Amino acid sequence: MKKSILLSILSVVAMAVMAQYPTRVYLCGPGTPSGWATEQNPMYTYVDDNNVPTGMYEWVGALNDGQLKFLYGSSWEPAYIAVTDGEAFSTGVHQFAERLSDSDPDNKWVATAGRYKIEINLIDSTITVSDGTDLADKNGNDQSFAVAIPSQIFPVGDGTSFGWNPGSSEAID
């Protein structure tokens with residue numbers, strides 16, 4: 001009885017801990033292929049059989065010369081940032097800090113152009129960077145979604161004679 005209660009408690013604690021991890025992490029900055037546009041370079045999340053994020057993320061692709069950091073929210077905070085601003089983003093293991101508000105430091109790594117494999121481990125607050133030369137791309141852009149193509153487009157906004165009222169706009173042929 002005690003053993004099953006203990007296992008139940010441990011399961012609940014493990015699920016609570018795992019549930020705190022973000023479902024995605026985004027690469028952003030001039031050192032990334034899309035610059036500061038984050039959704040273009042999401043990192044995959046390793047997930048267990050229950051689709052619960054485990055705090056492990058992996059990305060393989062080309063980086064440019066320039067700054068980078070990792071976002072995991074819908075804004076510039078929260079973010080995973082370099083411990084020291086301007087730290088070289090080179091092969092090896094790097095500790096990271098967490099930026100939770102705009103009053104926290106906004107330290108960035110500086111990447112050198114090349115092909116890399118990046119692994120983020122939220123459990124021990126590390127980022128492992130390795131050579132990705134012989135590896136296929138692995139990022140959230142590999143996903144494809146079926147999207148209906150609209151038959152008509154209706155312009156709205158201050159730059160049109162229709163204003164912001166979609167119902168008054170005329171279709172563009």
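Author: This is a predicted model. Start with Gly92, which touches Ile127, Thr128 and Val129 when residues up to four places away in sequence are not counted. Gly92 also has its C-alpha atom 6.5 Å from that of Ser130, although the two residues are 38 apart along the chain. The strand to look at is E7, which covers residues 92-99 and includes Gly92. Gly92 has a relative accessible area of 28%. Buried would need a value under 20% and exposed a value over 50%, so Gly92 counts as partly exposed.

Next comes the pairing. Strand E7 pairs with E5 in the antiparallel sense, over four bridges. In one of these pairings, Tyr80 has Glu98 of E7 as its bridge partner. Tyr80 of E5 is also the bridge partner of Phe70. Strand E5, residues 79-82, runs antiparallel to strand E4, residues 66-71, and two bridges join them.

Last, go on past the strand. The loop between E7 and strand E8 (109-111) holds Lys108. Lys108 has a relative accessible area of 13%. The cut-off for buried is under 20%, so Lys108 is buried. Leaving aside neighbours within four places in sequence, the residues in contact with Lys108 are Trp36, Gln67, Leu68, Lys69, Ala82, Thr84, Asp85, Gly86 and Glu87.

Notes. Residues are numbered from 1 along each chain as its sequence is written. This is a predicted model: local features need pLDDT of at least 70, side-chain atom pairs count only at pLDDT 80 or more; totals for chains, interfaces and linings use all residues. Side-chain values use heavy atoms; hydrogens and water are left out. Buried means under 20% relative accessible area, exposed over 50%, partly exposed in between (1.4 Å probe, protein chains only). Contact means heavy atoms within 4.5 Å. Two strands pair if DSSP finds at least two bridges between them.
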